[in-house]
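Here's a short tour of a protein model for anyone just getting started with structures. Have the sequence and the 3D view ready, and let's take it one piece at a time.

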Amino acid sequence: MLEVSSLNKVYRSGAREVEALRDLTFTVDSGELVCLVGPSGCGKTTLLRCIAGLLEPSAGKVRLDGREVSGPPPGLAMVFQEYGRSLFPWMSVRDNVELPLKQRKIARHRRTTLVQDALDAVGLTGTESAYPWQLSGGMQQRVAIARAIAYEPSTLLMDEPFAAVDAQTRADLEDLVRALWQRLEVTVLFITHDIDEAVYLGQRVVMLSSSPTVVQDEITVDLPPARDQLHTRADPRFTELRTHVYEQIQAAKRGAGASS
Amino acid sequence: MRNRTGLLGLAGLAGLLVLVEALPRLGLVNDAYLPPTSRIAAALGDELITAEFWRAIGDTLTGWAIGLVIAVAAGVVVGIVVGSVPVLRAATASTIEFLRPIPSVALIPLAVLLYGTDLGSTLLLVVYAAFWQVLVQVLYGVADVDPIADETARSFRFGAWARVRHVLWPTALPYVFTGVRLAASVALVLAVTAELVIGAPGLGKSIAVAQTSGAVPLMYALIAVTGLLGVGINLAARIFERRSLAWHQSVRGEVPA
């Protein structure tokens, strides 16, 4: 379970102060898949780095599985948007997935199993000895996902993971994320700027305002759990939900325009 | 294409040899100062079978290698420490910029004072010259660490040492190789200089001895040998670099994605 309460982040450089996050409160229950959407430049990345313990918030708290986050918490794995920079080009696919497990001092035998299972799960069987840069963008992001799930996290943070891949690959990867989430019963917080993606993937969608960020709105996605690209996206309920999210995001942008 | 460049390079070299042969023979230069290629080659041939020659090469390479190893080790360690601590980087930047341009040869009097004509003198000059080459490259390398790669490592709870070992070091490695290659050439220059000027044993000293005893062809032959050593060192460094950096984009070439 992930709890974010009254989170605030102000960047200071000299006399200049920029309030990126004003007051954010939301929770993600264990085993839930929640999508965060917001207008571009709404401090999504700042929020994510605070949750991942990579950045210290100015005020407020992040609690993961009951423990306050101060530094990268155990049981959390992160998938970055920039897969090409997040994977280590000097290591094969296998070594990339295995390295975090080595750091956790997991026995060799168990590591081999975890790496193989993770690569099988993302559909990359047979690419173990390739280097990441020999693979397509979509496959590289699969490697990053395999690395995250091999780590056996309780919570998976995904920072606009599919923003840089083409539309067809993206649809495949969305289905992959839902399938993995259902199979592994992991908590997923998925950040995106794509409204359709948020509604298609999430059980809930949390909408953020423009910076300085607060929670604009929150909806439960009452679509059936078995989703597919063709039927779910054609469902009238899907259209209603995405319209609602779209309107809220537009309102968030206007709100920012009015206040500034 | 590669072969053609190679052939052209060899043709150029052959041209130089012919020119050196022709100039004194045609009387355009005094052959007491520039003997023709054939006589230099003959002197070299005679020298190759002497034990002193190989001892001199051994001495030069010993000074070069020990000095280079010390400089590289120190440059890498200092570079990583200074480069990864922003306060240290800021505090040392101006000092480094001040010390780096001091020519190593300006330290010859100091070296003589400290070590006389021992190996120590050569080492001091070699290490001083080579150290900065390595240090500056390592600093560039450390600054080149991708923040996303570093955040990835931190998010997976890598410790400080693991981040140096698995993120910083591989990132800096191409820079380290460049530094080592530059340092290797400079170290050879300084090793020969030290021998020549201070009289520490080695090829430089042999050149000085050949000159004072009027063995001009031999002097040229020894000079050519130092040149060949330099070429060999550079070549070896490049081959080693290409093998170790097969993953790097400067080596791996374009891959269809």
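What pattern does chain B follow, read along the sequence? Chain B goes α-α-α-α-α-α-α-α-α-α-α. Before you go further, keep in mind that this is a predicted model.

## Chain B as a whole

Of the 257 residues in chain B, buried ones make up 40%. Now take the contacts in chain B between residues at least 6 apart in sequence: 69% of them join residues at least 24 apart.

## What the UniProt record says

For chain B, UniProt lists "domain: ABC transmembrane type-1" at residues 57-241, in an unreviewed entry. In the model that span is 86% helix and 0% strand, and its end C-alpha atoms lie 25 Å apart. The unreviewed entry also gives "transmembrane region" for several stretches of chain B, including 123-143 and 172-198. Residues 123-143 of chain B come out as 100% helix, with end C-alpha atoms 29 Å apart. Residues 172-198 of chain B are 100% helix too, and there the ends are 36 Å apart.

Over in chain A, UniProt places "domain: ABC transporter" at residues 2-235, again from an unreviewed entry. This stretch of chain A is 35% helix and 28% strand, with 30 Å between the end C-alpha atoms.

## Zooming in on B:Thr60

Let's pick one residue. B:Thr60 sits in helix α3 of chain B, which covers residues 51-84. Is B:Thr60 buried or exposed? B:Thr60 counts as buried because its relative accessibility is 0%, and the cut-off for buried is under 20%.

Who are its partners? Leaving out residues up to four places away in sequence, B:Thr60 touches B:Leu188, B:Ala191, B:Val192, B:Glu195, B:Gly202, B:Leu203 and B:Gly204. With B:Glu195 there's also a polar contact between the two side chains, at 3.0 Å.

## Helix α7 of chain B

Next up is α7, residues 147-155 of chain B. B:Asp146 caps its N-terminal end, with a side-chain oxygen 2.8 Å from the backbone nitrogen of B:Ile148. Just after the helix, B:Arg157 takes a positive phi of about 60 degrees.

The buried residues of α7(B) are B:Ile148, B:Ala149, B:Glu151, B:Thr152, B:Ala153 and B:Ser155. They pack against α1, β6, α2 and α5 of chain A, together with α8 of chain B. One of these buried residues, B:Glu151, forms a salt bridge with A:Arg49, the closest N and O atoms being 2.7 Å apart.

## Where the chains meet

How many residues of chain A are in contact with chain B? There are 28, and they meet 22 residues of chain B. The size of an interface is often given as the accessible area lost when the parts come together. Here the two chains bury about 2300 Å² between them, 66% of it on carbon and sulfur atoms. In chain A, the residues losing the most area to chain B are A:Arg85, A:Trp90 and A:Trp133, together 30% of what that side buries.

Across this interface there are two salt bridges, and seven residue pairs are in polar contact. On the chain A side, β6, α2, α3 and α5 each supply at least two residues that touch chain B. Sorted by type, the chain A residues touching chain B divide into 19 nonpolar, five polar and four charged.

How values were computed:
Residues numbered from 1 in each chain as written. Chains lettered and ligands numbered in written order. Predicted model: local features only at pLDDT ≥ 70, side-chain atom pairs only at ≥ 80, totals over all residues. Heavy atoms only, no water. Helix = DSSP H or I, 4+ residues; strand = E, 2+ residues; numbered from the N terminus. Buried < 20%, exposed > 50% of the residue type's maximum accessible area, 1.4 Å probe, protein only. Polar contact = N/O pair within 3.5 Å; in protein donor to acceptor, adjacent residues only side chain to side chain. Contact = heavy atoms within 4.5 Å. UniProt positions renumbered as here; feature names shortened; annotations may be inferred. Buried area = accessible area lost by both parts, 1.4 Å probe. Salt bridge = Lys/Arg side-chain N within 4 Å of Asp/Glu carboxyl O. Nonpolar A, V, L, I, M, F, W, Y, C, P; charged D, E, K, R; others polar.
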